[in-house]
Structure formats: structure tokens, C-alpha cells
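Let me put the structure up, and then we'll walk through it together.

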Amino acid sequence: MESVDLGDLAAGVLRHQRSTPDLIADALREAIVQGVFQEGQSLRQDEIAAQFGVSRIPLREALRQLEAEGLVLLSPNRGATVAIMSPAEAQEICEIRVALESLALQLAIPKLTEADLQKAADILEKTERETDVGRWAKLNWEFHAVLYGAGDRPRLLSLIKTLHVNIDRYIRLQMAKMNYLEKSQQEHQQILDACRKGDSKTAVRLLKRHIETAGEQLVTYLRNGR
């Protein structure tokens with residue numbers, strides 16, 4: 001996986017658009033999920049603001065966004081730190097994902113077009129060829145988003161995406177260190193096959209098992225001291 005630092009991410013934002021809280025949040029989010037900032041690490045706001053060439057006001061707004069997503073903790077004494085996920089939190093996220101994503105898939109299956117199904121298949125093919133762990137995680141979300149998006153429930157999809165963002169950094173670890181990619185690909189293909197057949201019951205059952213298996217591995221990883 002190609003090494004990046006916050007300077008690279010900040011430069012990417014500043015090259016293309018004016019710096020705003022949303023754009024700063026995007027760059028910091030990526031820095032957290034890529035491991036530029038580690039769990040529990042203090043985020044030095046003066047240094048970060050200087051790298052983006054902004055005052056601390058838009059930076060604070062960006063940090064509040066990340067706090068709402070569960071990636072950052074803000075406290076009067078310690079300032080901003082990267083959130084540490086506990087096994088209990090991981091378990092809860094898994095349980096919520098099962099409920100929300102099962103609903104999203106159930107709503108989507110009757111509306112999935114051949115173009116949607118082909119796009120999902122193309123994403124799986126891209127994943128097979130991809131060697132960068134960061135891209136694996138992004139493609140994982142893209143696959144799920146294509147299937148759920150057909151349900152035309154934007155608020156539901158937004159909630160699901162927030163949960164994926166929350167565990168994205170751990171998904172990358174699972175794929176890189178736990179030999180999870182091959183298993184994940186097989187499960188994705190099975191879900192897609194059921195969607196092609198319009199078999200909602202089987203697709204939802206496979207999806208639940210897919211999320212629960214990944215959740216169990218993550219909880220075990222966190223309990224064993226990372």
C-alpha cells in the first residue's frame with residue numbers, strides 16, 4: 001500500500017478546490033482510515049490548520065463532523081484525539097449494519113436493473129485485480145452501495161455509509177492481515193448471484209452472514225489487543 005501523509009492529503013484538497021470544513025473533514029477522514037493518524041493519537045490543531053492554510057475555525061467544524069461519525073473524540077482537556085473502537089462498539093455496529101443493510105437490500109432487489117448488476121460485477125472484477133488495500137476498502141463500499149442504491153432510500157444509504165466509514169480502517173486491516181479478501185469476494189459473488197435471480201430471501205440471508213462473520217473477526221481482533 002502506497003504511503004501517504006497528511007501533507008499529501010491536504011495538498012490534494014487545496015489543489016482542486018477552496019478549503020472548507022467539508023473538504024478538510026474529507027482529508028482528515030482519509031488520513032485516519034489510512035493510518036496516518038493512529039488510534040488514540042492527539043490531533044494537533046495548530047499544525048493541521050497550518051498544513052491546510054486555514055484558521056482553527058473551519059478545522060474545528062471539520063473535527064465536529066468527524067466526531068459525529070465516531071472517528072474523533074473532542075474533549076475540553078485533551079482536545080481532539082482519534083477515537084478508539086472497543087469490542088462492544090464493534091459488536092453494536094455489526095448489529096446495526098445487519099438490520100439496516102438487510103432492509104436496504106430487501107428494498108433494492110425488486111428495482112435492480114441489469115446495469116446495476118453489471119456494475120456490481122465489474123466492481124468485483126476490479127477488486128480481484130487491485131493490490132492496494134485502501135482501494136479494496138473503497139471497492140467494498142462501492143459494491144454494497146450499488147446494490148443498496150436501487151432501493152431509492154437516500155437517508156438509509158447515508159446511515160449505512162456512516163457505519164462503513166466508522167469501521168473502514170479496520171476493514172483494511174482485516175483484508176491486509178486476516179486473509180479476508182478471498183472470503184469476502186466469494187460472499188459478495190454469492191450475494192450478487194442471489195440478487196440476479198431476484199431471490200430476496202437468500203440474498204438477505206447471505207448478507208447477514210457476510211456482515212456477522214466480518215463483525216465476529218473484528219471483535220476478536222479488538223479483544224486480543226489489536
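This is a predicted model: local features need pLDDT of at least 70, side-chain atom pairs count only at pLDDT 80 or more; totals for chains, interfaces and linings use all residues.

The chain has ten helices and three strands. Going from the N terminus, the order is α-α-β-α-α-β-β-α-α-α-α-α-α. Of the 226 residues, 47% are buried.

Now let's go inside. Take Leu-105: setting aside neighbours within four places in sequence, Leu-105 contacts Leu-147, Tyr-148, Ile-191, Cys-195, Ala-203, Val-204 and Leu-207. Leu-105 is also one of the residues with the most contacts inside the largest nonpolar core, which has 30 residues. Helices H5, H6, H7, H8, H9 and H10 each put at least two residues into this core, and H7 gives the most, with seven. There's another core lying apart from that one, with 21 residues, including Val-82 and Val-165.

On to charges. How many salt bridges are there? The count comes to seven. One of them joins Arg-97 and Glu-101, with the closest N and O atoms 2.5 Å apart. Why is that pairing handy to picture? The two sit four residues apart in helix H5, so about one helical turn separates them. Are they buried or exposed? Arg-97 is buried at 7% relative accessibility, and Glu-101 is buried too, at 0%.

A second bridge links Glu-114 to Arg-196, at 3.2 Å between the closest N and O atoms. Glu-114 belongs to helix H6 and Arg-196 to helix H9, so this pair ties together parts 82 residues apart in sequence. Arg-196 is partly exposed, at 36% relative accessibility.

There's also a network of salt bridges linking Asp-26, Arg-29 and Glu-69.

Last stop: Arg-169, in helix H8. Arg-169 is buried but has no salt bridge; the nearest side chain of opposite charge, Glu-39, is 4.5 Å away. Among the residues Arg-169 touches are Ile-32, Val-33, Gly-70 and Leu-71.

That's my tour, so over to you.

Methods: Residues are numbered from 1 along each chain as its sequence is written. Side-chain values use heavy atoms; hydrogens and water are left out. Buried means under 20% relative accessible area, exposed over 50%, partly exposed in between (1.4 Å probe, protein chains only). Lys and Arg count as positive and Asp and Glu as negative; His and the chain ends are not counted. A salt bridge is a side-chain nitrogen of Lys or Arg within 4 Å of a carboxyl oxygen of Asp or Glu. Contact means heavy atoms within 4.5 Å. A nonpolar core is a set of buried Ala, Val, Leu, Ile, Met, Phe, Trp, Tyr and Cys residues joined through side-chain atoms within 4.5 Å.
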